[in-house]
Amino acid sequence: MTTLALEDQGLLRDRAFVGDWCGASSGETYELRNPATCDTLATLPMLGSEDAARAIEEAGRALPLWQGLGTDQRTTVLQRWAALIRENKDDLGRIMTAEMGKPLKESTGETVYSSTFIDWFAGEAARSSGEIVPAHMGSQRAVVTRQPVGVGAAITPWNFPALLVTRKVGAALAAGCTIVLKPSSLSPLTALALVELANRAGIPPGLALVELANRAGIPPGAFSVVVGRSSVIGKVIMESPAVRTVSFTGSTAVGKLLMAQGAATVKRVGLELGGNAPFLCFDDADLDRAVDGALVAKYRNAGQTCVTANRFLVQDAIHDRFVERFVDKVKALKVGNGLDESTDMGPLINEAAVDKVTEHVADATSKGATVLTGGQRHALGGTFFEPTVLGGVTREMLIFEEETFGPVAPVIRFSSEHEGIHLANDTSYGLAAYFYSRDAARCWRVAEALEAGIVCENTVAFSSARAPFGGFKESGVGREGGHQGLEEWQEIKYRCIGGLE
């Protein structure tokens with residue numbers, strides 16, 4: 001196992017966590033490599049169906065213990081966890097960058113941001129309440145309460161290995177649920193470091209794991225991290241009647257499969273799926289602000305985010321000026337190893353990602369698009385790809401229809417407000433949408449017309465633990481963040497009390 005320069009080497013774990021650190025029952029392992037250097041970072045266990053089933057059983061046993069602590073005690077443990085994440089942000093950032101490639105400043109920022117979700121849900125749990133509603137008979141009373149769904153599971157992708165864990169696990173634990181987490185096999189080390197810190201938060205000094213049942217801590221099995229093949233572990237999770245709810249972030253194709261698999265047990269399924277976000281720049285926009293926003297919306301994490309701007313729609317009157325300024329800024333981006341603090345953009349996650357980006361560029365240019373900058377593998381080799389801008393993109397090209405998930409910005413010209421909105425909505429996805437305009441009336445019209453769960457007006461910095469995150473159409477169902485995120489892990493119970501005459 002490669003040693004990273006960490007202040008706390010105990011955060012670098014190479015085993016799964018199911019009540020305690022463990023390997024796969026089969027003994028099977030796989031090697032995790034740094035996408036920037038191809039060096040082996042760790043040899044990790046490949047857990048199978050038996051291991052996944054054991055994690056679910058442990059979660060079931062821990063459920064009454066975790067619920068029994070009460071809201072105030074759970075809140076205290078979660079707040080300790082969030083504080084530990086912030087205290088160890090530099091180590092967590094280095095682990096994240098090493099395993100999935102994003103620049104260190106992005107990784108550290110994500111780590112700190114991820115802690116805010118734990119704090120938010122810890123507080124929101126204390127604010128969650130029921131109600132007394134008017135009864136239909138004078139001799140009765142009607143009470144509505146909220147209670148934990150029960151055992152849950154979360155399946156997270158590789159591109160935000162801290163944020164997407166805490167956004168799901170924080171809500172589940174705050175609600176009183178127990179949870180089995182399946183992180184991506186491409187970036188499991190961050191999740192394993194997070195569960196290590198969660199256990200430190202839940203265990204007062206000198207307290208053994210077996211004593212936690214009657215103390216204010218996270219009982220064994222309440223939060224497990226299983227590492228292995230998603231197809232194997234996911235099948236066990238979806239078929240288990242003990243798992244009442246599943247939260248998944250990933251591709252729309254896999255989301256549809258999980259929804260179908262969950263039908264047999266009528267499982268609650270929260271899905272945060274693919275995106276094809278439009279970025280509209282109207283002729284009355286603040287052009288400099290729009291260009292700066294476009295740069296962040298496209299090239300953060302090398303374009304490998306579900307809310308990445310995928311189609312840049314620019315109105316005729318400012319199209320040429322926008323493109324000129326945008327291309328100049330893209331050319332100035334520094335590509336390199338994310339552990340180099342001067343790096344603006346790291347590598348793509350693997351060869352499959354490079355192949356998709358290459359395919360989209362080739363398809364667009366074969367149909368008349370022009371490469372304005374970039375367009376090919378970077379001179380650094382490996383999975384590095386040049387930050388790219390394409391001009392003359394049209395509706396017929398793959399890059400318009402499909403999520404690229406890479407550092408390619410296709411620019412499309414439009415004439416009228418109506419045409420711009422039509423092009424923006426011309427997709428089966430509806431996660432995020434961005435637009436820039438200084439016309440107040442237009443802003444209202446456009447914001448209401450865009451078919452997306454998240455609409456950003458004159459900004460791209462929308463992320464907040466206090467706001468709901470989720471999409472329209474094939475971008476998913478359910479919400480994470482805000483009070484809505486906690487409610488995804490709660491059941492509503494109506495209690496009718498009679499015999500009061």
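A charge sits over a ring if NZ of Lys or CZ of Arg is within 6 Å of the ring centre and within 35 degrees of the ring normal. Keep that in mind for the first view of this predicted model.

View 1. Arg167 lies over the face of Phe469, with 4.1 Å to the ring centre. Lys102 does likewise with Phe160: here the ring centre is 3.9 Å away.

**View 2. Helix H2 alongside helix H4.** Two packed helices are described by the angle between their axes and the distance between the axes. For H2 (residues 71-87) and H4 (residues 104-127), that comes to an angle of about 170° and axes 9 Å apart. Angles over 145 degrees count as roughly antiparallel, so H2 is roughly antiparallel to H4. On the H2 side, look for Thr71, Thr75, Leu78, Gln79, Trp81, Ala82, Ile85 and Arg86. They meet Thr111, Ser114, Ser115, Ile118, Asp119, Ala122, Ala125 and Ala126 of H4. Sorted by class, this contact has eight nonpolar, six polar and two charged residues.

**View 3. Thr111, a residue of helix H4.** Thr111 sits in H4. Buried or exposed? Thr111 is buried, because its relative accessible area is 1% and the cut-off for buried is under 20%. Leaving aside residues up to four places away in sequence, Thr111 touches Ile85, Lys89, Leu92, Gly93 and Met96.

**View 4. Trp158 against Phe405.** The structure holds 14 aromatic pairs, and this view picks out one of them, the pair of Trp158 and Phe405. A pair of aromatic rings is described by the distance of the centres and the angle of the planes. With 6.1 Å centre to centre and 90° between the planes, Trp158 and Phe405 are edge-to-face. The two partners come from distant parts of the chain, 247 residues apart. Trp158 is in the loop between strand S7 (151-155) and helix H5 (163-175), while Phe405 is in the loop between helix H12 (398-401) and strand S16 (408-414). Trp158 is buried, at 12% relative accessible area, whereas Phe405 counts as partly exposed, at 23%.

**View 5. Phe282 against Phe414.** Here is another edge-to-face pair: the ring centres of Phe282 and Phe414 are 5.6 Å apart, with 80° between the planes. This pair also links distant parts of the chain, 132 residues apart. Phe282 belongs to the loop between strand S12 (277-281) and helix H9 (287-299), and Phe414 to strand S16. Both Phe282 and Phe414 are buried.

View 6. Find Val335 in the loop between helix H10 (316-331) and helix H11 (351-366). Val335 counts as buried because its relative accessibility is 11%, and buried means under 20%. Which residues does Val335 touch, not counting those up to four places away in sequence? They are Thr343, Met345, His378, Leu380, Phe384 and Pro387. Val335 and Met345 are ten residues apart in sequence, and their C-alpha atoms are 4.8 Å apart in space.

View 7. Asn301 has its place in the loop between H9 and strand S13 (309-315). Asn458, for its part, lies in the loop between strand S19 (454-457) and strand S20 (472-473). Asn301 counts as buried at 2% relative accessibility. Asn458 is buried as well, at 19%.

**View 8. Gln67 in helix H1.** Gln67 is part of H1 (residues 49-68). At 33% relative accessibility, Gln67 counts as partly exposed. Its contacts are Arg74, Pro148 and Gly176, once residues up to four places away in sequence are set aside. Also in view is Thr178: Gln67 and Thr178 are 111 residues apart in sequence, with 8.6 Å from C-alpha to C-alpha.

Terms used:
Residues are numbered from 1 along each chain as its sequence is written. This is a predicted model: local features need pLDDT of at least 70, side-chain atom pairs count only at pLDDT 80 or more; totals for chains, interfaces and linings use all residues. Side-chain values use heavy atoms; hydrogens and water are left out. Axes are lines fitted to C-alpha atoms, for helices over the stretch in contact, and angles run from 0 to 180 degrees between N-to-C directions. Helices (H or I, at least four residues) and strands (E, at least two) are DSSP runs, numbered from the N terminus. Angles under 35 degrees count as roughly parallel, over 145 as roughly antiparallel, 65 to 115 as roughly perpendicular and the rest as oblique. Contact means heavy atoms within 4.5 Å. Ala, Val, Leu, Ile, Met, Phe, Trp, Tyr, Cys and Pro count as nonpolar, Asp, Glu, Lys and Arg as charged, and the others, Gly among them, as polar. Rings of Phe, Tyr and Trp (its six-membered ring) pair if their centres lie within 6.5 Å; planes under 30 degrees apart count as stacked, over 60 as edge-to-face and the rest as tilted. Buried means under 20% relative accessible area, exposed over 50%, partly exposed in between (1.4 Å probe, protein chains only).
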